[in-house]
Amino acid sequence: MSLHPSLQTYADAWTHSVEAISELVTPLAEGEWSRATPCPGWSVRDIVSHVIGVDCEMLGDPRPIHTLPRDLYHVKTEAQRYQEMQVDVRRHHTAPEMVSELEYTIIRRSRQLRNETRDPSTLVRGPRGVQETLEFAMHRRAFDIWVHEQDLRRALGKPGNLDSPGAYVTRDRLLAELPKIVAKDAGAPANSAVVFDIHGPLEFLRTVRVDADGKGTIDGAPSLGPAATLATDWETYVRLSCGRVTPEAVADRIKIEGDTDLATAILNALTITP
């Protein structure tokens with residue numbers, strides 16, 4: 001037996017992104033590791049530390065015993081405190097130490113994926129000890145690491161891979177959230193439709209329809225009379241959806257037709273932070 005076919009997509013996406021991250025950071029000078037990224041409070045070193053830490057936990061390594069400083073302004077919730085532990089413990093590591101640990105983690109995790117024979121429905125330990133399926137864990141990992149690859153690319157001025165395997169996993173993850181965002185969070189009226197027209201390296205047209213009971217669904221068919229249409233490029237859509245930028249900061253990259261109040265409410269509710 002080998003990796004279940006439904007997990008292969010996520011394994012391939014993780015591999016593509018983590019190898020891209022390794023290529024991005026291996027040649028960096030010491031000072032470049034301290035560059036700020038679009039991820040609030042995190043430098044290039046911090047994102048790489050997060051990548052290493054999450055994969056070490058997926059390998060079953062024990063979490064570090066470490067006390068967080070009290071002055072980390074970007075750490076506000078228990079979930080953020082949980083994530084920050086793996087980051088802060090590496091804040092004084094040198095560039096060679098970071099590269100070495102990243103390379104070793106990639107080797108170990110790649111070996112684990114090659115030898116993975118468990119069913120996708122197998123329960124595994126997720127963040128903060130929560131039980132989740134292996135499929136959900138691998139899906140989230142592929143999404144998370146691609147978004148952080150993009151964070152690093154923006155910080156280092158090296159754009160790319162906007163249509164890589166991880167981009168498609170991310171697209172599907174973001175689209176799955178749209179019915180709730182439109183119908184519940186933004187309060188779109190019953191019996192209405194909202195169209196999302198995304199262009200660029202990864203293009204799609206999707207319609208979220210809200211039924212008479214206020215429940216949202218999504219499909220690829222156009223709507224003849226949508227309440228609102230939002231059009232933007234794929235990179236901007238990702239940055240908005242992942243909380244890397246506010247709608248106001250990229251207003252010139254977003255085209256709205258129809259109900260502007262509804263469109264604004266949707267944009268303000270769009271964020272899903274990986």
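Q: Is F204 buried or exposed, and what is its relative accessible area?
A: Burial is read from relative accessible area: buried means under 20%, exposed over 50%, and partly exposed in between (1.4 Å probe, protein chains only). F204 is buried, at 6%. The model is predicted, so local features need pLDDT of at least 70 and side-chain atom pairs count only at pLDDT 80 or more, whereas totals for chains, interfaces and linings use all residues. Residues are numbered from 1 along each chain as its sequence is written, and side-chain values use heavy atoms, with hydrogens and water left out.

Q: Which aromatic pair does F204 form with Y237?
A: Rings of Phe, Tyr and Trp (its six-membered ring) pair if their centres lie within 6.5 Å; planes under 30 degrees apart count as stacked, over 60 as edge-to-face and the rest as tilted. The structure holds 4 aromatic pairs. In the pair of F204 and Y237, the centres are 5.8 Å apart and the planes 75° apart, which is edge-to-face. Helices (H or I, at least four residues) and strands (E, at least two) are DSSP runs, numbered from the N terminus. F204 belongs to strand β4 (residues 204-210) and Y237 to helix α7 (residues 234-241), so the pair links distant parts of the chain, 33 residues apart. Y237 is buried too, with a relative accessible area of 3%. Ring pairs join W146, F204, W234 and Y237 into a cluster.

Q: How many residues of α7 are buried, and what covers them?
A: Of the 8 residues of α7, 7 are buried, so this helix is largely enclosed by the rest of the structure. Among the buried residues are W234, Y237 and L240. Contact means heavy atoms within 4.5 Å. The covering elements include α5, β3 (192-199), β4 and α8 (260-269).

Q: At what angle do α2 and α5 pack?
A: Axes are lines fitted to C-alpha atoms, for helices over the stretch in contact, and angles run from 0 to 180 degrees between N-to-C directions. Helix α2 (residues 44-58) and helix α5 (residues 134-156) pack at about 165°, with axes 10 Å apart. The helices are therefore roughly antiparallel (under 35 degrees counts as roughly parallel, over 145 as roughly antiparallel, 65 to 115 as roughly perpendicular and the rest as oblique). The contact includes V44, I47 and M58 of α2 and A137, R141 and L156 of α5.

Q: Where does E57 lie, and which residues does E57 touch?
A: E57 lies in helix α2 and is partly exposed, at 21% relative accessibility. Not counting residues up to four places away in sequence, E57 touches R63, Y82 and Q86.
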